[in-house]
Amino acid sequence: MQKKKIILLVAILSVILSTILFYDKYFSASGFERITNGDRFIVWTVTTIIIIYYLKLDSDPQLAPLALSSDKEGSKKNNNKTDISFKNVAGLEEIKEELKETIDFINNSQKYTKMGAKIPKGILFYGPPGTGKTLLAKAVAGETNSTFLYASGSEFVEKYVGVGAKRVRSLFEKAKKDSPSIIFIDEIDAIGARRNLDSNNEKDQTLNQLLSEMDGFNTSETVVVIGATNRLDLLDEALLRPGRFDRHIYVGNPNINAREKILEVHTKNKPLHNNVSVKELANKTHGLSGAQLANIANEAAIIAVRNKKNKIDNKDFNQAIERVLAGLEIKNPSVLLKEKKTIAIHEAGHALVSKILKTDMVQKVSIVPRGQALGYVLKFPEEERYLYTQKELMGKITGLLAGRAAEQIIFKDITTGAKDDLTKATEIAQEMVCSYGMSTLGNISIDEYYIKNNYDIIRREIKKIMDKCFKNALKIVEDNKIILFQISDLLMKQETINNKELDKIFEEYKTKLDYAT
Ligand SMILES: Nc1ncnc2c1ncn2[C@@H]1O[C@H](COP(=O)(O)OP(=O)(O)OP(=O)(O)O)[C@@H](O)[C@H]1O
Ligand SMILES: [Zn+2]
């Protein structure tokens with residue numbers, strides 16, 4: 001940066017100097033007789049060369065200052081510092097909470113190194129596009145006043161063929177020099193995909209360089225690498241190992257409260273008509289990402305300008321939402337709303353039964369789409385278990401079938417939403433029959449060959465288990481409809497429910513929770 005400024009200054013001075021000389025020749029009475037055409041020619045030539053060099057410096061990716069080229073948000077101050085903080089990140093409270101520790105590590109690294117603790121080196125954000133992964137990484141840099149270095153995985157392999165590894169090296173050199181630093185590698189799957197998937201020498205070298213850099217730096221330099229990907233499943237195991245990207249944080253689409261906050265952030269500096277309700281807008285934008293919400297706020301402003309209004313009103317927002325939804329080929333919002341209700345009942349069914357049977361510790365229930373799933377019940381990671389009782393396995397299957405059971409009872413119809421549940425439940429039931437000797441076939445283990453040739457017998461056993469569990473799920477849902485509705489109503493309102501809120505619902509309706517499986 002500094003070098004560029006000096007060159008620019010010299011070029012400007014040269015231009016001024018040659019202009020003065022030009023005027024002197026013609027207008028000065030005494031005249032600078034010694035100044036000839038030759039002198040002027042030299043000054044002009046030098047100026048031109050300097051300007052060309054300066055322009056080249058700016059456009060040549062290898063010479064351009066590292067990590068500045070593709071910075072999305074133009075709000076860095078100087079020297080790769082960013083003024084984005086957690087204030088700019090709306091919603092995502094749990095993630096911010098989780099990142100506080102890392103921030104403390106960076107801000108008070110001595111406290112940790114004194115104790116012999118190593119600062120975590122790598123954090124991986126994964127999740128759908130536009131959910132604020134880049135924004136979060138910048139905010140971590142802003143909160144710690146760290147240098148923020150942006151790199152994108154795809155640019156290592158596309159734009160810089162032959163220099164990927166070299167660029168990784170210089171990226172880390174710069175990070176160490178300007179420590180504390182955050183290196184943000186967007187689309188890390190472009191270099192970090194499993195190595196046997198598609199062998200590409202350039203990519204492998206870049207990845208190897210990244211791995212050895214991450215292993216290399218010691219405790220005196222505070223460098224944290226944050227990677228982002230939409231596809232965690234594609235990444236090479238080596239990248240995820242302890243000491244590398246060992247912290248994985250899911251950044252999903254926002255729920256209704258988060259959407260409201262994001263919309264607030266993006267309409268803060270816009271003149272809104274008083275018929276605009278941000279809460280209402282959040283309600284209409286189920287399933288959209290933060291980036292799409294930001295886009296809606298911007299579109300609405302553009303539409304208002306086009307219609308020569310001096311405030312953005314509700315109509316402008318509705319048009320903007322329609323435009324963004326149409327662009328995404330999402331069905332119209334009223335269909336979305338009907339599906340939302342079905343999904344809420346389905347997920348409430350899972351949560352209700354899992355909790356009553358105490359099969360899994362429910363951490364969170366959500367109807368915000370995640371990957372292929374339209375909703376999900378998140379369970380606390382179980383401590384490592386080697387033994388399951390028959391009753392527990394039956395309970396797991398019952399919990400899996402409870403989504404469908406709830407649909408059946410409330411809507412008297414079933415949907416395709418249970419596809420994954422059925423697959424998982426059937427898998428467990430088959431294991432019970434064939435591996436664990438937990439069916440009427442008795443205490444035997446059945447091999448693949450037998451299964452293939454006698455699948456009818458096996459299927460009958462699987463069906464017996466599934467039917468028994470489904471019947472039980474139906475009964476539990478039927479008996480506890482009030483709680484089911486409590487859960488689904490809260491899901492419709494908040495889109496996500498945590499375990500505390502779930503406990504509260506159960507406590508209010510202290511029912512006898514004793515069912516035989
Ligand atoms: N939680 C949020 N709060 C405020 N703005 C947000 C939030 N999430 C997304 N945005 C807006 O969306 C834009 C894009 O987000 P960002 O680039 O961080 O997404 P990303 O997850 O990195 O996406 P990608 O996977 O496509 O790189 C941000 O610059 C911001 O304007
Ligand atoms: Zn389900």
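The bend at a residue is the angle between axes fitted to the seven residues ending there and the seven starting there. Helix α16 (residues 390-411) bends by about 45° at Ala-402; helices are DSSP runs of H or I with at least four residues, numbered from the N terminus.

This is a predicted model, in which local features need pLDDT of at least 70, side-chain atom pairs count only at pLDDT 80 or more, and totals for chains, interfaces and linings use all residues. Residues are numbered from 1 along each chain as its sequence is written, and chains are lettered from A and ligands numbered from 1 in the order in which they are written.

The 22 residues of α16 should span 32 Å at 1.5 Å a residue, and the 31 Å between its end C-alpha atoms agrees with this; the expected span is 1.5 Å times one less than the number of residues. Because 17 of these 22 residues are buried (20 or more other C-beta atoms, placed from the backbone, within 10 Å of their own), α16 is largely enclosed by the rest of the structure.

Glu-347 belongs to helix α15 (residues 333-356) and is buried, with 26 other C-beta atoms within 10 Å.

The shell around ligand 1 divides by class as follows.

| Class | Residues in shell |
|---|---|
| Nonpolar | 10 residues |
| Polar | seven residues |

How values were computed
Nonpolar A, V, L, I, M, F, W, Y, C, P; charged D, E, K, R; others polar. Helix = DSSP H or I, 4+ residues; strand = E, 2+ residues; numbered from the N terminus. Buried ≥ 20, exposed ≤ 12 C-beta atoms within 10 Å, placed from the backbone.
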